[in-house]
Amino acid sequence: GKWGSYRHLKLQEVSETKSRTGHYFANCVIKGDLSTLRWLYGPLNVGKLTREHVRIQYASLNFRDVMLATGKINSDDVLNRIQQQCIMGFEFSGVTDKGRKVMGLGPTGAMATHYDLSQTLLWDVPDNWTLEEAATVPLVYYTVYLAFFVESKIESGKSILIHAGTGGVGLAAIQVAFAYGLEVYTTCSTEEKKKFLLERFPQLNPKHIGNSRDTTFEKMIRVGTKGLGVDFVLNSLSEDKLQASIRCLAMNGTFLEIGKYDIMNKTKFDMGHFARRINFRAVFFDDLPIDADEIKV
């Protein structure tokens, strides 16, 4: 019964820059709300650490980080309660307290100022690499290593379908597949990306590049392999494209799943595929080995 008004008054923002020497990490205060991304005070007491640690210079933003931050996958499914405090980032480069330039992988919490090296895979950065470049290497090649040499055994003369060929894992997988003498099929989403692949890999057959946005790549495989299918599929596509990718497998073929979406959402597929004696392997890099020197490709 009374007249009123609705006013928007912009509050004055006060920001103050201060130097920080302790451990800080980035995280979303509210799951799924990227506007709440903040630097938070971390649990590491840097001044009293007796173990070797690294001062992080670069931390890569990977797809799992995006999926966790936006709430597309549940952190309860991939991280324990302690790890969920520092949820963002697991690939980094920097300088240790002993002066080594290193790059590495950890379970989580690498989007931070410091990192405890007690549970990491660590490599020295080559002299001709920058730390920025080095931060992009460990995860993609480690994923390919697990898929090609731990979960399966790739062999010269075999064929493989590598989805999302212009992505980080895709580029690393194509590089390794060609080095081991495999016949490579791949997918991408645009003509520009297709041109990029052909320039980067001159040995790649243009007829072996399909579309990652629909299931037409299934026909490409059927035509290219004369109906036999490929021996390996390195898959990161979901839903109907995952189903089509399974159908691309040859008898005794191996399906290597590196995506998390369908696993976390309990996607079902036709058990009849196993009549072709196919193998289905999920590639998880969460359980890191202790010694990076054990990894040899």
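The largest nonpolar core of this predicted model holds 35 residues, and the members touching the most others are F148, I160, I162, V184, L197 and L234.

L197 is worth a look on its own, being one of the core residues that touch the most other members. Leaving aside anything up to four places away in sequence, L197 is in contact with G165, T166, L171, I174, T186, C188, L204 and I209. A separate core of 15 residues lies apart from the largest one, and its members include V230, V233, C248 and L249.

Then there is the sheet. Strands of a sheet pair through backbone hydrogen bonds, and the pairing can be parallel or antiparallel. Here, five strands line up in the order 6-3-4-5-7 to form an open sheet with antiparallel pairing. Strand 6 (114-116) and strand 7 (121-124) sit at the edges, each with pairing on one side only. Going from one strand to the next, the twist averages 40°.

Within this sheet, strand 4 (residues 91-96) and strand 5 (residues 101-105) run antiparallel to each other, joined by five bridges. Across from F92 stands G104 of strand 5.

Conventions: Residues are numbered from 1 along each chain as its sequence is written. This is a predicted model: local features need pLDDT of at least 70, side-chain atom pairs count only at pLDDT 80 or more; totals for chains, interfaces and linings use all residues. Side-chain values use heavy atoms; hydrogens and water are left out. A nonpolar core is a set of buried Ala, Val, Leu, Ile, Met, Phe, Trp, Tyr and Cys residues joined through side-chain atoms within 4.5 Å. Buried means under 20% relative accessible area, exposed over 50%, partly exposed in between (1.4 Å probe, protein chains only). Contact means heavy atoms within 4.5 Å. Two strands pair if DSSP finds at least two bridges between them. Helices (H or I, at least four residues) and strands (E, at least two) are DSSP runs, numbered from the N terminus. Axes are lines fitted to C-alpha atoms, for helices over the stretch in contact, and angles run from 0 to 180 degrees between N-to-C directions.
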